[in-house]
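Hi,

Here is the structure I promised to pass on. Have a look at it first, and then read my notes below.

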Amino acid sequence: MYTPSENRYQAMQYRRCGKSGVMLPLISLGLWHNFGSITPLATQQAMLRTAFDHGITHFDLANNYGPPYGEAERNFGRLMDADWRTHRDELFISTKAGYDMWSGPYGDHGSRKYLISSLDQSLKRMRLEYVDLFYHHRPDPDTPIEETMGALDQIVRSGKALYVGISNYGPEQAEAAIRELRRLGTPCLIHQPRYSMLDRHIENGLTDVLCREGVGCIVFQPLAGGLLTGKYLDGIPEDSRMKTDSRYLKPSSLTDDTLRRVRALKAIADARGQKLHHMALQWVLREETVTSALIGASRPEQITDNLEILNAPPLTEEELRKIEEALK
Ligand SMILES: NC(=O)c1ccc[n+]([C@@H]2O[C@H](COP(=O)([O-])OP(=O)(O)OC[C@H]3O[C@@H](n4cnc5c(N)ncnc54)[C@H](OP(=O)(O)O)[C@@H]3O)[C@@H](O)[C@H]2O)c1
């Protein structure tokens with residue numbers, strides 16, 4: 001029987017998600033890696049408990065997180081039954097559809113057919129009556145935005161999700177989706193783009209759109225899958241993602257240019273008396289435009305380690321300038 005820490009809300013900071021009523025923790029936990037069939041359920045359980053014990057209320061999933069596809073939601077459902085039933089209202093749970101999930105023409109992209117049946121499947125796997133947030137996972141240029149956003153609107157009206165969001169949309173696509181949702185009477189809560197010191201594409205207009213429209217922003221891969229911990233500076237450790245599950249983080253990403261930047265960033269973090277990954281998390285959160293940093297973890301200690309940023313001094317103007325230099 002799991003009893004969450006009584007102090008769980010004391011240290012965490014929460015930010016308002018755009019112009020909504022929702023507050024999200026500065027650090028949220030994603031279940032993309034390490035919640036499928038490869039990782040023991042006990043480790044998954046320990047990670048979720050550690051997160052919640054420290055005020056991480058937001059867990060992010062998608063239909064195809066695994067491996068195999070669906071397994072992260074299935075494991076989350078098992079753990080939901082074991083640990084979370086009496087705490088459901090303290091959790092903010094998201095899932096998504098938009099990438100390939102099942103074979104045939106209806107298990108991918110952005111049709112009403114796909115999104116609604118995928119969420120029905122996700123709810124069964126997670127043993128939930130509703131999710132707090134449902135995303136369209138990536139833009140689909142071949143489906144009219146009215147159909148995709150119409151499906152999100154219908155999902156909220158049917159009570160299967162409380163809020164909806166979009167992920168991986170560019171600035172113009174995001175603006176069109178946000179406006180269509182507003183027209184339908186279901187505001188877009190949040191956008192989920194990739195953002196880290198090694199991938200700054202959202203600075204080219206997307207954050208301006210989100211600020212203007214009052215939409216929140218939760219950024220995924222703030223540690224670039226682990227590159228921004230500095231763990232790959234002297235080779236590939238045996239217990240790292242690149243060794244144990246390199247589906248998406250391949251040794252080819254260790255280019256001279258990336259390693260040069262990471263080294264330069266580490267020197268700045270060292271001078272601050274801080275770990276590089278702490279500086280990387282503080283950097284994505286340096287402006288309130290970003291509501292939450294969506295991290296992954298392979299063990300509970302990484303979660304508590306990352307939460308050390310809650311007590312770290314903010315980055316100074318001079319340090320921010322040095323980071324800009326290092327990223328050139
Ligand atoms: N919307 C989308 O299209 C999309 C795409 C990708 C991800 N996401 C979301 O973003 C979440 C996070 O993605 P991510 O896991 O790639 O993010 P990340 O936070 O950039 O990388 C997480 C990895 O970094 C390492 N790490 C984290 N904290 C550490 C620490 N304190 N010390 C040492 N190593 C540490 C661990 O890898 P090791 O295995 O090396 O320990 C961990 O699995 C996903 O779970 C998912 O929810 C969304």
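Let's start with a definition: a residue is near a molecule if its C-beta atom, placed from the backbone, lies within 6 Å of it. This is a predicted model, so local features need pLDDT of at least 70 and side-chain atom pairs count only at pLDDT 80 or more, while totals for chains, interfaces and linings use all residues. Residues are numbered from 1 along each chain as its sequence is written.

Now the ligand. It has 28 residues around it, and Gly30, Trp32, Phe220, Leu223 and Gly296 come nearest. Strand E10 (292-295) and helix H10 (300-306) are the elements giving two or more residues to this shell, and H10 gives the most, with three. (Helices are DSSP runs of H or I, at least four residues, and strands are runs of E, at least two, numbered from the N terminus.)

Next, a helix pair. H1 (residues 41-53) and H2 (residues 71-84) pack at about 65 degrees, with axes 11 Å apart; axes are lines fitted to C-alpha atoms over the stretch in contact, and angles run from 0 to 180 degrees between N-to-C directions. Leu41, Gln44, Gln45, Leu48 and Arg49 in H1 meet Asn75, Arg78, Leu79 and Asp83 in H2, where contact means C-beta atoms, placed from the backbone, within 7 Å.

As for the whole protein, there are 11 helices and 10 strands. The C-alpha atoms fill a box of roughly 55 × 45 × 40 Å along the principal axes. Among contacts between residues at least 6 apart in sequence, 78% join residues at least 24 apart.

Cheers

Methods: Contact = placed C-beta atoms within 7 Å.
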